[in-house]
Amino acid sequence: SAEAFDEALHMLEAIGDPTGRALLHVSRAELALARGRLDEGDAECAAADALAALLDDPAVRGEVLKLRGAIARERGDLAGAEPLLH
């Protein structure tokens, strides 16, 4: 649930785990996408991508690109989605 994600995010911030926070933002983006909340998913992707860039974590960045592609597809932007989903 969203409340569980919020609680987990606070815990990860408290213990100083940026990788865990990035992955949690990815999970929150997935949940937002599944619920059709595309703007919320975009915001979560941005948060995850910012952390992944700081950490230089290509795995998280790959997940973000995949999610951004799925969000673009849901918005009907097939041309924008295609390069992100490959």
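## Helix 2 beside helix 3

Helix 2 and helix 3 (residues 38-55) pack with their axes 8 Å apart, at an angle of about 160°. Axes here are lines fitted to C-alpha atoms, for helices over the stretch in contact, and angles between N-to-C directions run from 0 to 180 degrees. That angle makes helix 2 roughly antiparallel to helix 3 (under 35 degrees counts as roughly parallel, over 145 as roughly antiparallel, 65 to 115 as roughly perpendicular and the rest as oblique). Helices are DSSP runs of H or I with at least four residues, numbered from the N terminus.

Which residues of helix 2 make this contact? They are P18, T19, R21, A22, H25, V26, R28, A29, A32 and L33, meeting L38, E40, G41, E44, C45, A47, A48, L51 and L55 of helix 3. Contact means heavy atoms within 4.5 Å. The residues of this contact divide into 12 nonpolar, three polar and four charged (Ala, Val, Leu, Ile, Met, Phe, Trp, Tyr, Cys and Pro count as nonpolar, Asp, Glu, Lys and Arg as charged, and the others, Gly among them, as polar).

## About the model

This is a predicted model, in which local features need pLDDT of at least 70 and side-chain atom pairs count only at pLDDT 80 or more, while totals for chains, interfaces and linings use all residues. Residues are numbered from 1 along each chain as its sequence is written, and side-chain values use heavy atoms, leaving out hydrogens and water.

## Helix 2 beside helix 4

The axes of helix 2 and helix 4 (residues 58-74) come within 10 Å and cross at roughly 15°. That makes helix 2 roughly parallel to helix 4. Here A22, L23, V26, A29, E30 and L33 of helix 2 touch V60, E63, V64, L67, A70, I71 and E74 of helix 4. This contact comprises 10 nonpolar, no polar and three charged residues.

## A look at L33

L33 lies in helix 2 (residues 18-34). Leaving aside neighbours within four places in sequence, L33 is in contact with L38, L67, A70, I71 and E74. L33 and L67 are 34 residues apart in sequence, yet 8.1 Å apart in space, C-alpha to C-alpha.

Is L33 buried or exposed? L33 is buried, as are G20, A22, L24, H25, V26, R28, A29 and A32 of helix 2 (buried means under 20% relative accessible area, exposed over 50%, partly exposed in between, with a 1.4 Å probe and protein chains only).

## After the helix

Helix 2 is followed by G36, whose phi is positive, near 80°.

Methods:
Helix = DSSP H or I, 4+ residues; strand = E, 2+ residues; numbered from the N terminus.
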